[in-house]
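The following exercises are to be worked with the sequence and the coordinates at hand. Each task is followed by a solution in steps.

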Amino acid sequence: MDFVLQQLFTGLSIGSILLLVALGLWIVYGTMGVINLAHGEFVMLGAYTAWVLQSVFQVGLFASLVVIFFVVAFLGWIMERGVIRYLYRRPLDTILATWGLGVITQQVVRLLAGGELRYVEMPSLLAHSTTILGVELSVYRIFIFVVVAGLLALTWYLMQRTAIGMKLRAVLQDREVASCFGINADRIYALTFAYGAGLAGLAGALVSPLKSVSPEMGTTYVVDAFMVVVLGGVETLMGTVLSAFLLGELTGFIAYLQNDTVAKALVLVAIIVLIRFRPQGLFASQVRA
Amino acid sequence: MSASTTHNPGHRRTWLQIAIYGAVCLTIFLVPTILDNDFLLNKYSRYLVFGILAIALSLSWGYCGILNLGQAASFGLGCYCMAMALKLRTVPVHTGDDGLPDFMVWNNVTELPWFWVPFHSLPFALFAGIAVPTVLAALVGWFMFRARITGVYVAIITLASLVVVNLLIIDQQRYTGGFNGITDLAQLELFGLTFDAYSRNSYYLVASVLAACLFAALAITKSKTGLILQAIRDHEDRVRYFGYDVAHYKIFAFSASAAIAGIAGMLYTIVMEFASPTFLDVPLSLSVVIWCAVGGRQSLLGAALGAIVVTGTQGALSDSGIFLQSWTLLMGMIFVASVLFLPKGLAGLAELAGERLRRLGRDTPPPVKTDVLGPVREGEGLA
């Protein structure tokens, strides 16, 4: 029983980090159709902002989260205004352009901060473990889980209960008609992209105490997060949530049976097969015309 | 006959193209006559290998619209096939009875695995270096294109396949050498010639293969099949309405491109003298896309030159860290700019310049429509 719980919690922990990174990607891909390969770089920028705030300004991780969100969101906003807005009708080219932007971002960071690994300290309040149902768990991982749940609720609220969310949904349904009603679609897209980038930045800041911070760290995250979004389908937020935890549990389980590498490879194969047979995602409802 | 070829503008274009391609190949062949430095020749051979890899991507992406982000998988499999053959040709020092590769001994493998055995034969290895990537690509292509998977999803599936192959090679350390790859290889001996990585022989080998691939790919694009491939790129559904089996043609383009990439991979092992999982990792695969985009994906020669120039500059600057960093930064910017404004890359610019020059000579009015900037205008309506 302990073992099952242990596995379950490991999967939940992997899943919550996946979801954290995938949430911003889902918003940008799911609502705007932009495949943002620079998403991993936003994660990296968030981690570096955390590092700068900690090592230069001696600000703890908790206090810097809000700052990090706005810094990275601002960078995302610049990227959208500067490049991505020209590519909304060329989805294949957005892959290339955003990847190019990713390369540029990585190089700028490497030139400014150096290529060596950096470390961000975990808040001392959370740097211990606790026992739940007889299973030993890191408090920091539980904290991440809670934050993800909070961000999820916030995103849902923004999309469904605020004026800006309603405008976004209107633009998604019909951009031209929405524009006729006086909605500034350009502004909505820019804000959405910035929000997605900000979420990625938060993800980077939150994972930075668990892993080392390097200019290349984003690449691994973007591939995984992308698979989550593809698996979940772009239609619903719930699909992304389910697929993140499904992938988390699956990876944790196969990793127990085989090893991490085989687990990743098998999950990827499963996703390839899924795209072939259900390109709309595992959890998509019936597609409306 | 000759009169008709000169009067038909299409044929004239083709002859001009062949002349330019030939001139570039000749220049590449002449490099060793003025350059007597084996170290530099080795470097240049590496860039030429990347040129071949770019030709492969140009064939599938530029001519058939298949954005293959997993090109490095074909390349890497070619690398490993060659490396396995050359590894078995080394003189084993403290290894098992039948010349077991050293890393297998370290991993407590007692007997040569079955899939290594045929690599004792060099012709088999040369065949496998082309056949393995081709068959794999044909399978993935069949899997994707029969289901009419297009665009973005092709990019995702090919990228994911690449990661799977890469992970498996790293994971099966007992049989593939894992992270370290396959090192300490023998030199290739073929037709009585020895291909030392630091020698003219290897350079000429790579240059000849580059020329052969360039002209073979050109022949494909000029054939009827090539025209259908381009039609599929421009309007897939319309080609389907005409009764062509689109999937069939796409699988062909995808596998032909993999075959060329496999050949490039084999050459890369000869030039580098080892095979490593970094030869089939995601960054390399995406770099190929950059080379093609900068050089011009819709021009085989443009793509090849793009690869040679980009990697060449990278190599020249690699002694100085800060310059290399700045160059990569600049490359990223040029890449983004070329995606935004120059979908045909530098080759498109050259073509445009040639067109202008010719019209100037003939004193005719300039063209009304230049499609080099076409797709961008379409997007600007949104801004």
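**Exercise 1: Chain B overall**

Task: state what share of the residues in chain B is buried, and describe the secondary structure of chain B.

Solution. Buried residues make up 43% of the 383 residues in chain B; a residue is buried if 20 or more other C-beta atoms lie within 10 Å of its own, exposed if 12 or fewer, and partly exposed in between, with C-beta atoms placed from the backbone. The model is predicted, so local features need pLDDT of at least 70 and side-chain atom pairs count only at pLDDT 80 or more, while totals for chains, interfaces and linings use all residues. Residues are numbered from 1 along each chain as its sequence is written, and chains are lettered from A and ligands numbered from 1 in the order in which they are written. Chain B has 17 helices and 2 strands (DSSP runs numbered from the N terminus: helices are H or I with at least four residues, strands E with at least two).

**Exercise 2: The nonpolar core**

Task: find which residues touch the most other members of the largest nonpolar core, then list the contacts of B:L53.

Solution. The core has 196 residues, and B:L53, B:I55 and B:I260 touch the most other members. Such a core is a set of buried Ala, Val, Leu, Ile, Met, Phe, Trp, Tyr and Cys residues joined through C-beta atoms within 7 Å. Helix 12 of chain B (residues 246-272) supplies its largest share, 18 residues. Neighbours within four places in sequence aside, B:L53 is in contact with B:Q71, B:F75, B:A261, B:A264, B:V288 and B:A307 (contact: C-beta atoms, placed from the backbone, within 7 Å).

**Exercise 3: The interface**

Task: count the residues in contact between chain B and chain A, and name the element of chain B that gives the most.

Solution. On chain B, 38 residues are in contact with 37 residues of chain A. Helix 7 of chain B gives the most to this side, with 14 residues. By class, the side of chain B that touches chain A has 29 nonpolar, 6 polar and 3 charged residues (Ala, Val, Leu, Ile, Met, Phe, Trp, Tyr, Cys and Pro count as nonpolar, Asp, Glu, Lys and Arg as charged, the others, Gly among them, as polar).

Note on methods. Two residues are in contact if their C-beta atoms, placed from the backbone, lie within 7 Å.
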